[in-house]
Each structure stands twice: as C-alpha cells, then as structure tokens.
Amino acid sequence: MPKKQISIPVRAFVEMTQRSGDLHAGFMQRINPIEAIRAHQIIQKSRPPSYRSEVAVAYRYESADHVLTLQGRIDGLLEKGDSVVIEEIKTTTRNLAEIVQTENQLHWGQAKCYAFIYASEKELACVTVRLTYYHIDTNQIREVEKVFTLEELAAFFQQAVSLFLTWSAARSAWINKRNHAIASLSFPFPFRKGQREMAAAMYVSIKRKEKIFIEAPTGIGKSLAAVFASVKALGEGLADRIFYLTARSTGKQAAENALGLLRRAGLAVRSVTLTAKDKICFSFDAVCTPEECSFAKGHYDRIGGAIRQAFADEALDAATIRRIAHQHHVCPFELSLDVTLFADVVIGDYNYAFDPRVYLRRHFDDSFDSAAFLVDEAHNLVDRSRSMFSAGMEKEPLLVLRRLIGTHRKELYLALGALNRWFLKVKKSSLALGQDRYETDPPHSLRRPVRRAIAAIEQWLQLDEKTAFRDTLIKRYFELNAFLRVLERYDETYATCYTCRDANVIVTLMCIDPAPQLKEALRRCDSAAFFSATLKPASYFKDLFGCARECRDYSFASPFSRNCSRHLIAGSISTLYHDRRRSAGDIARLIHAVAVARDGNYLAFFPSYHYLQLVHEHFCRMNGDVRVLVQRAGFSEQERSAFLDEFTDACNGSLVGFSVLGGVFGEGIDLVGDRLSGVIISGIGLPGLGAPREAIRAYYQRKEGRGFEFAYLLPGWHKVVQAAGRVIRTGRDKGIVLLIDQRYREERYRALFPSFWNTDYVSNSNQLGDRLSLFWQRPGEAVRTTGE
C-alpha cells in the first residue's frame, strides 16, 4: 500500500497538537488583517539589512504509513555568523505585560516548529527563538527570546508529530473503510424522473471542479440525489470533504435524512451537523471563560477523549454532540467544530462557508483539503449574503449603554457620547432629507468615533470586571467591529441607508451586490452545486453569486403527473396598494369558493399583515363552517408549531390559514397528503418600497438596465413559487394553487411559470367553483415517492 500523503500548514499542525488548559471564548480582540500586515511590516522594516522576512519553509516527515509535509512562512530570519534568530510576530490589543507573563503555548509552538524546520535543514546546534508582540493601538513592542538546542526542538517536534499521526492514522483507517463501503453503494430506490440526471450532473461538477446551478421542483428528491452523488465522488478521492449548506433547520434535517437512508443501504460516512452556539450551549447565561463556565475550565485537557468517543458515532447531530460533550465536560459548540476536521460531511448554515466573520477558518484558511459545496435552497443565499456582508448601528442601544456605564468610566462614556452626537446630526438632517433615505457615499465621519469607542471598550473589557452590563457591552463591541470592518471595505457595491424612528436612528452599510464577496468566498471550495426549486432565471443567480454566465445550469421537470395539481389564475383583480381596500371582498369570495369546493386544509398568503386583516374581516362576514387561523407578527416557535399542528389529515370541514407571503409558512414546511389541499396567493410578492430596495433598483439599473427586475420582480416571484410549492410534496398529493393578481397575465410573469404548472384562468368565484369541481372529481395519478 502506498503511504498516505498529508500536507498541512504549520499553524494548523500546531493548533491540533499544542492546545491545553482552559477555553477562552468570551471577549476576544478583533484585529483587522490589514492592520496586522502593517504591524508585521513595521517590525520587519526596523530590523538590520541582513534580516529576511516571510521566508518560505517546508519539512517532510516520513513514518511507516505516512508522508507528512509541513509548510509555512517564517515571519523573520536573522543570521549573524553562527547565530540564527527565528522571529514570530503577533499583533494584539491586550496588555503586553500580561501577555509576556502568561506564556501562550500556541505562539511558542508555532515559533518552535519553524525553528526546528530551519535548524534541521541547516544542521544548526542551537537557534534563538524570538516572540515579538506588537500592540495595535499604542504601537508598543515587547520581545521575548529563548535559546533552544536542536535536540530540544526535535523532542518537541517528535511529541507533536506523534500525536498528529495518531489522529491521522485513525482518520486514514476510517477513510479506507468508508471508501470500500461507498464503492459498493447503490442508490437505495428506483430513480425518479430527472433524479438520476441531477445526481450525474452533481458528480461531474465535483469531478471537473465546476460550479453548477440546478432548478428542480419539490418531489424529485434533490437532497438524496445531491448527497448520493457527492459521497460517490468522495469515495473516489475527487473531494476530501462535503459541506452541505442550508438556510433553515429543515434543510439540515433533509441532509441528515438523506444520509440516514444511504447508511441503511450500506454507506459508511461520518457527518456532523453544526448548531448555533446559543442553541447548543450548556451555560446559556455564562461567558465562555473558565471563571464563569465549568465546561470551559480545562476544556482542552479533556477534548481529546471527547473527539475519540465521537469517532464511534457516524451521525453527529446536535443531540449526540451534547451527550458526548456532557460526558466529557467540554464545550459542545467547540467540540462540534473540532470534529468537523475528522468528518466526511459537514452540515450547517450558509454562514459557516460564506460569512466573513464566522466562516470555518480551520478548513478554508489553514487546510489543503479539497471541499465540495452543496448549497441547498440556494435562492435564499441572495438575501442571506447581503445580510452577511452588511452592518448597522443604532443610536438608542448605544445611548442606553452610555447611561448604564456612567461618568466614572470617563473615556468610554465620552467615546459613546461622540457617537451619540453623530447620530443627533443625522436625525437633524433627516428632517430635511427624509426619514428613510440612502446615499452611495459611506459615512466617512463615523470612522474616528467608532474606532475610539472600540478602543475604549477593549481597554475596559481587559480589566475583566463583572458588571450587570458586561454582556451588553460585548454585544455592542462586536457590532461596532462589524460596522468598522464593512466601512473599511465599502465600495460601489454598497449603499448607506438612514432610518429615523421616533428617538432612534439606524445607519446601515448595506451590501447591494454580493457578487464580488461571494466570488471571493467560493474560492474556499473546489466545486459548488447550487440547487433549489426556484432558480429561474439562472442568469440572475449567476450574476448575484459571482459566477460566470458560462457555468452550466439545469432545469428538471416535476416527476409527478400534471393531473396532481391545478394552477388557477384570477387575473382580473388588482392587488395594487391603492386598490386593496376595494379588492379585499373579491379575494375573500375567491378564498371561500376554494374552501367550500372540497373539505380540506388551505393556506392563504398575502403581501402584508394589513391586507391580510382586510381580507380576513370580509371572509369572516361570509364564512359559514370554515375554520380560520391567522398568523400574527412575531410568532414564537411554539406558536408556529401550534399553527401547523392544526393542519391534520383528518379533515372535518375546511380550514384556512391566513399568513404572510415570504414568512415562516411560505417555505420549508412539509404538509403531506391531506394536511394541505391548496394555497391561495394574493399579489405577486413584491418587496415593500423603502430605501434599501430603491438602492438595489438604482444600482442594477445603472449596471445592467434591470433595476426593477433585480430589486422587486424576481425576489417577489421567488416567494410566490416557494409558496406554491407547498402543495405537492409527494406523488400521492393532490391540490390546487390559486394566484390572484391581474399582473399574472403579463408576459414577463408568464415567461417565469415553471413548465410543469397546469394553468388556467378564471374571472370570478363562480367560474372558479366550476373549475375546482372538475379538478376534484378527476382522480390523480400516484407516483412512487420513496426517492426523497
């Protein structure tokens, strides 16, 4: 057998082998990478002429089963005769005296690893290791030097490499077992129409290291096809790890279910599902420090045992992670991140791959592994990416914090006061310029007060005082840092939105065009498959995701009979804002006609809560035995569950749930069989008017001449398609979709209708009743449903 080849950056190698002691994940300084580079350059330029910076090194270590290659760059190298100094430079905002007193094992480990590599290559008897700390705010420098013999460095390295290869040997053994199982794996069901072709397209995209777009309706079995194709590629060495990325918990569940089906068919694969920290944490009210959380104290001394136990479970979902973490008394969130290094499939939110603040750096910055991205329900990535790349600040929360702090913390009090004065100026100008507006220029005058506030908060947080407002202060600190980060990369793809509401003022640096940053983020993977039931037109998503128009795109038809559904269009009613009061009665009559045509459960979607209430009032006046549910703004998870629980298979009369289009019930819910007989959609889903949308419209009008399409038409249409897709979930389902708006007669909308829609037009409630009677009398055609 050939030896296993492993390449790893020095930094990642050290982090895997030198961690010990407590977990400190509470307040952590945020240093801009540009500032860190500048600090490195300041120190490097101050050194003697013979000093060399950014010296590339590599070291090859061969064991009985592995060939390990370490790679990295020494920050600084100074040679004077027989004397050699290896310098490692670190930037910080912490007190330099405290840093020097508390020896950082990772910092010294990285420096010693470089020293070993260089001393081994040059056959040096000893080498001086210098750890240099540069304070970003004060420009102060502290240096600590130690002299190590080659024997001492070799002993250090041998201990580290032995631990690393122990983990690597276990991983290699698992991969051999996994690949053997994958080679013999067959698809567990007969392929549905289009499902084989979808799986093949995904496999080829991973093999060719391409980006592809796949539009496939509900029922084709997208999740199973995607997972099957990607694990087949994994088994052939075409990718090292799969990242299944989704926007909702239902998407995570779909991936877990697909892996479960394949495991029952013989698949051996390790997967971990990442859960948000606040949902998996044991100590909800504690800061992640050893002083406040017992799971953080000594965390790294126990984490190895937890990881080894995790190897026994192939499916590491949130419950399993929590169980193992509790047994070993370690942080469950940090455990979930650590086990991703040994997983074949990582299931998680979009932000773990795309968000510049929280993406998995251990995979994408310090790794040579190849990654395949599977982006589920990819239409959601448009708004999510804009949110990830944007940042905002509010006047009132900062003012409340200032009052809590008081004048006895003078610098912090004054810094927050400077921010408040800036907001007051904005509020005053808004009286003349408008309560909601946007500008293309960034708020340059905010840079100095934001930086001052960040520095003042950092100084206070380093004192580690326990106060009632500490958590609030940390939250504001991260918000200010996020705002500053976006402000410093602000360009023509951004707009500044100002909103004034009573005493509050909100300033938002809004990312209009996420394409450049998504293009940058997609360099973290070797291939990416974007799939959804709503990816039309493909050119729109390619442009927004930073992908070339030449990227292949596929569109698959529904595997179900057209007789299973009917898409009826009431194209004579206007749902324009100024017509809503007048049209509310007509819409109520149409909904009533749907509900009485056949006993069943129905969802009626509206563009706003106000319109919903108008129609609901008319409906209640004419309604007989039809039960009604109404979605309220700010539904809790319990209220959402209770709402859906009313949609049961046992229909005794009809039930109509009034809800808002684009909300929690318009996407990501599965009401199979008689739990849902139809949906009624009033309007075309256009987003509400406002400064953010107008900024998007103006930008894309300048760029492509498609401002209204990008800002309003297509985002609205995608909400409509998602809501309509709630009806037919399996081949046994039968149901109707009623679209209400005269604009559905326009060619620009009709061109977007999916090819599998079975459409017809109705002009009034009587005609609608006749069409529904014919539809419900005609039997549907059942289709095999196991392929999901």
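Buried means under 20% relative accessible area, exposed over 50%, partly exposed in between (1.4 Å probe, protein chains only). This is a predicted model: local features need pLDDT of at least 70, side-chain atom pairs count only at pLDDT 80 or more, and totals for chains, interfaces and linings use all residues. Residues are numbered from 1 along each chain as its sequence is written, and side-chain values use heavy atoms, without hydrogens and water. Helices (H or I, at least four residues) and strands (E, at least two) are DSSP runs, numbered from the N terminus.

**Helix H16**
- H16 spans residues 395–405, and its buried residues are Lys395, Leu398, Leu399, Leu401, Arg402 and Ile405.
- These buried residues fall within an arc of 160 degrees seen down the axis of H16, so they line one face of the helix. The arc is taken from the directions from the helix axis to the C-beta atoms.
- Glycine 406 follows H16, with a positive phi near 80 degrees.

**Helices H1 and H5**
- In H1, Phe13, Met16 and Thr17 meet Phe157, Ala160, Val161, Leu163 and Phe164 of H5. Contact means heavy atoms within 4.5 Å.
- The residues of this contact are seven nonpolar, one polar and no charged. Ala, Val, Leu, Ile, Met, Phe, Trp, Tyr, Cys and Pro count as nonpolar, Asp, Glu, Lys and Arg as charged, and the others, Gly among them, as polar.

**The sheet**
- Eight strands form an open sheet with parallel pairing, in the order E10-E9-E11-E8-E12-E17-E7-E18. Two strands pair if DSSP finds at least two bridges between them.
- Strands E12 (residues 371–376) and E17 (residues 527–532) run parallel, joined by five bridges.
- Leucine 374 stands opposite alanine 529 in E17.
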